Structure formats: C-alpha cells, structure tokens
Amino acid sequence: MKRRILLFCLAVFMVPLMAQTVQPKISFQENTHDFGKFKEADGKVSHKFEFVNTGGSDLIIQNVSASCGCTAPSWTREPVPPGGKGFVAATYNPAGRPGAFRKYVTVISNSNPGSVRLTIAGEVEPKPLGHGGAFWPASG
C-alpha cells in the first residue's frame with residue numbers, strides 16, 4: 001500500500017515537470033530597451049529584441065501588437081524549433097512627438113506564459129523652430 005501511495009505521489013509531481021519540457025518557452029535576452037535622447041529630425045528608431053526557444057517543441061508567435069500607432073512591430077514569422085532563435089522588433093516614429101515616451105509591444109505565442117510585454121522608451125528632442133521659410137530682406 002505504501003508503495004502505491006509513493007508511486008502515485010511521484011506521478012502527480014512528475015507529470016507537470018515533464019509537460020514543462022515539452023512545451024515551447026520564449027526566453028528574451030531583455031524585455032526593455034531605452035533609446036535615450038535622440039533627435040526628432042533623425043527619424044524613426046528601431047530595436048530588435050532577440051529570444052531563444054528554451055522549451056521542447058516548436059514556438060509559434062501568433063500575434064504582436066503595439067500600444068499605439070506610433071510603434072510598428074515586426075517578428076519571426078516561421079516556427080522556431082527548440083534551441084532556435086528569433087526576434088521581435090519595434091520601430092518608433094518620433095514625428096510630431098517631442099518629449100519622453102514609453103511604449104509597449106505585446107507578444108502572443110504558444111509559449112507558457114502565452115503573453116509577454118516588451119517595452120521601449122526614450123526622449124525625443126524636438127526639431128528646432130525655423131522661420132517658416134519666409135525671407136525678410138535686410139533693411140537699409
């Protein structure tokens with residue numbers, strides 16, 4: 001009887017451990033990137049978040065969404081095998097958006113956990129104010 005109880009307890013604890021190694025697992029090297037200060041006039045900035053599938057089956061990114069229209073995501077579209085690498089990139093458009101920002105990119109996959117939030121941040125230095133293109137001749 002003791003032997004059956006022991007085997008039952010082992011089975012209860014081993015099944016979840018075995019399931020974890022079979023599932024895909026997305027492991028990012030970093031979840032946050034700070035661009036620091038940059039000039040609005042220099043245009044868009046991008047960062048590539050790299051990941052490894054540390055699980056035991058193919059990882060599939062099902063969707064990636066940004067928290068606003070100023071950020072455009074791109075990502076690895078094909079399945080990533082165990083031990084394989086992939087990426088999620090975030091491109092921020094600073095046009096007309098001077099000042100500090102913090103934006104989020106949500107990655108949905110068949111991994112456990114199924115959702116990961118990545119963050120980009122920085123500070124946009126505004127374009128210098130010009131004279132609007134008008135020319136005023138010197139008075140003489």
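A disulfide is taken here as a pair of cysteine sulfur atoms within 2.5 Å. By this rule the count for the predicted model comes to one disulfide. Residues are numbered from 1 along each chain as its sequence is written, and side-chain values use heavy atoms, with hydrogens and water left out. In this predicted model, local features need pLDDT of at least 70 and side-chain atom pairs count only at pLDDT 80 or more, whereas totals for chains, interfaces and linings use all residues.

**View 1. The disulfide of cysteine 68 and cysteine 70.** The sulfur atoms of cysteine 68 and cysteine 70 lie 2.2 Å apart. The torsion about their S-S bond is about -55 degrees, so the disulfide is left-handed.

**View 2. Accessibility of cysteine 68 and cysteine 70.** Buried means under 20% relative accessible area, exposed over 50%, and partly exposed in between (1.4 Å probe, protein chains only). Cysteine 70 has a relative accessible area of 6% and is buried. Cysteine 68, at 23% relative accessibility, counts as partly exposed.

**View 3. Helix and strands of the chain.** The chain contains one helix and eight strands, assigned as DSSP runs numbered from the N terminus (helices H or I, at least four residues; strands E, at least two). Along the sequence the pattern is α-β-β-β-β-β-β-β-β.

View 4. Buried residues make up 29% of the 140 residues.
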